[in-house]
Every structure is written in C-alpha cells, then in structure tokens.
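Subject: The structure for you to look at

Hi,

Here is the structure I promised to pass on. Have a look at it first, then read on for what turned up.

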Amino acid sequence: MSNRRSPQVSSRKAPQQARSTELVAAILEAATQVLAREGAQRFTTARVAEKAGVSIGSLYQYFPNKAAILFRLQSDEWQQTTEMLRRILEDARRAPLERLRVLVRVFIQSECAEAGMRVALNDAAPLYRDAPEAQAVKAEGERIFQGFMAQALPEAPEASRVLASELITATLGSVGKEFSESPRSAAEIERYADAMADMFCAYLTHLAQRRD
C-alpha cells in the first residue's frame, strides 16, 4: 500500500477584507483563462500570477500550489452542481420523475455550455481527486441523490435505490461528458436530454413496479 500523501489542496487562508477578496477573485479568473488556453498540462502558478497581474508571493499567500488553485476551480464547479441537484431534486412541487427530467435537461445543457473548462478540469483531476476535501464535496452530491431515490422509490429495497443512484449519476457524468465534447445545437441538446430522461424514468418505473 502506498504511503504517498495527497497534495495540499486547501487554500492557505480565506480572504478577510474586500481587497483580499478581490485579489483571490482575480487569481481565480486568471486561472480559468490560463486553464482554458493552456490546458491542465501547461497550467502553472507562474502563468496564473502573470495573467492576474500579481506577484507569485501574493498568489502563494492564498494557494500553496497549482493543485490548490485547480481544486478551488473544481470545487466551485462541484458546489454549483450540488446546488443545482438540491434545487431540482428536492423540489417537492414536482413529482419525482418530473424532477429527474428537469435535472437531466439542465445537466446536459450545462455540460455543453462549459465543455472546455470541464475537460480541462477532468485532465487535472489526478492532482486532487484523492484528497479528503474532494471526497467530502462529492459525498454531499451523492447524499442528495440518494435522498431523491428514497422519494422516487419508497417501496424498493435499499440496495436497489443505491444501485439506481450510482447508475444514473455515472451515466450522466460519462455520457454527458462525451456528448458535450462536440459542438451541439439547442435542438440536439433537447433531443438527447429527453431521450436520456426517458431511459432513466423507464428504469425507475420498472424498479417501482417490481415486487421481488
């Protein structure tokens, strides 16, 4: 078993004043531009500092290394996705299958709109994916989805709900990524999302009707 430690991905400190907040915002905006232009392999703290117009020392006050910057970008993206999951899947005004349809459409649209950044962040994932901070963020999204499954399949065995949650989230992530790697029209996105939602809803309906 390897004892290699995960890189530090937490920020060194949180900005306390408006000036510091603006500095961190400038660093993250520059990081987004450098990542989009250079890709994960050529992404460096020096390039980010230069793009942001700050000294490398100022950058290191808040981010100890490039993994910390990339994790912050990924964490922000994860948090946005988590809030989207919570907003849609916990919306009691809609029936569970309707919520799932809305989620699939919004997710696929988001994947296509931000495809370049998502691909670059995925390439950078080995830098931070095993860090505890990364696991904690992802666990929250899983908790929300499993809560939704308890509502969508109240009579199904726990094992069936867990499997359904894992299959749907894995399919959304992998298929959504592959679909978004090519430019898509609004009509293509809508057709694709509707077809995927039909598949997921049919699967959950089947599970709800099973009696074994």
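Let's start with what a pocket is. Picture a 1 Å grid laid over the protein atoms alone: a pocket is an open set of points where a 1.4 Å probe fits, with protein on both sides within 12 Å along at least five of seven lines, and its lining residues have an atom within 4 Å of a point. Ala-25, Leu-28, Glu-29, Thr-32, Leu-73, Asp-76, Glu-77, Gln-80, Glu-114, Met-117, Arg-118 and Leu-121 are the lining residues of the second largest pocket.

Two notes before going further. This is a predicted model, in which local features need pLDDT of at least 70 and side-chain atom pairs count only at pLDDT 80 or more, while totals for chains, interfaces and linings use all residues. Numbering runs from 1 along each chain as its sequence is written, and side-chain values use heavy atoms, leaving out hydrogens and water.

Back to that second largest pocket. Its volume is about 210 Å³, where a volume is the space filled by probe spheres set on the points, with grid points joined across faces, edges and corners. Helix 1 (18-38), helix 4 and helix 6 each bring at least two residues to the lining; helices here are DSSP runs (H or I, at least four residues), numbered from the N terminus. Sorted by class, the lining has five nonpolar, two polar and five charged residues. For these classes, Ala, Val, Leu, Ile, Met, Phe, Trp, Tyr, Cys and Pro are nonpolar, Asp, Glu, Lys and Arg are charged, and the others, Gly among them, are polar.

The largest pocket holds about 1,100 Å³ of space. It has 33 lining residues, and Trp-78, Phe-107, Lys-138, Thr-169 and Gly-173 lie nearest its centre. Two or more lining residues come from each of helix 4 (66-89), helix 5 (96-113), helix 6 (115-124), helix 7 (132-152) and helix 8 (158-180). Helix 8 contributes the most, nine residues. The classes here are 14 nonpolar, eleven polar and eight charged.

Now for the charged pairs. The whole structure has 14 salt bridges, each a side-chain nitrogen of Lys or Arg within 4 Å of a carboxyl oxygen of Asp or Glu. One of them pairs Asp-198 with Arg-101 at 2.6 Å, N to O. That pair ties together distant parts of the chain, with Asp-198 in helix 9 (residues 186-209) and Arg-101 in helix 5, 97 residues apart. Why does Asp-198 count as partly exposed? Its relative accessible area is 40%, and partly exposed sits between buried (under 20%) and exposed (over 50%), using a 1.4 Å probe and protein chains only. Glu-190 and Arg-105 form another salt bridge, with their closest N and O atoms 3.8 Å apart. Again the partners come from helix 9 and helix 5, this time 85 residues apart.

Finally, the inside. A nonpolar core is a set of buried Ala, Val, Leu, Ile, Met, Phe, Trp, Tyr and Cys residues joined through side-chain atoms within 4.5 Å. The largest one has 29 residues, and Leu-100, Leu-103, Val-104, Ile-108, Phe-145 and Leu-204 touch the most other members. Helix 9 gives the most to this core, eight residues. Leaving aside residues up to four places away in sequence, Val-104 touches Leu-172, Ala-193, Met-196, Ala-197 and Phe-200, a contact being heavy atoms within 4.5 Å.

Cheers
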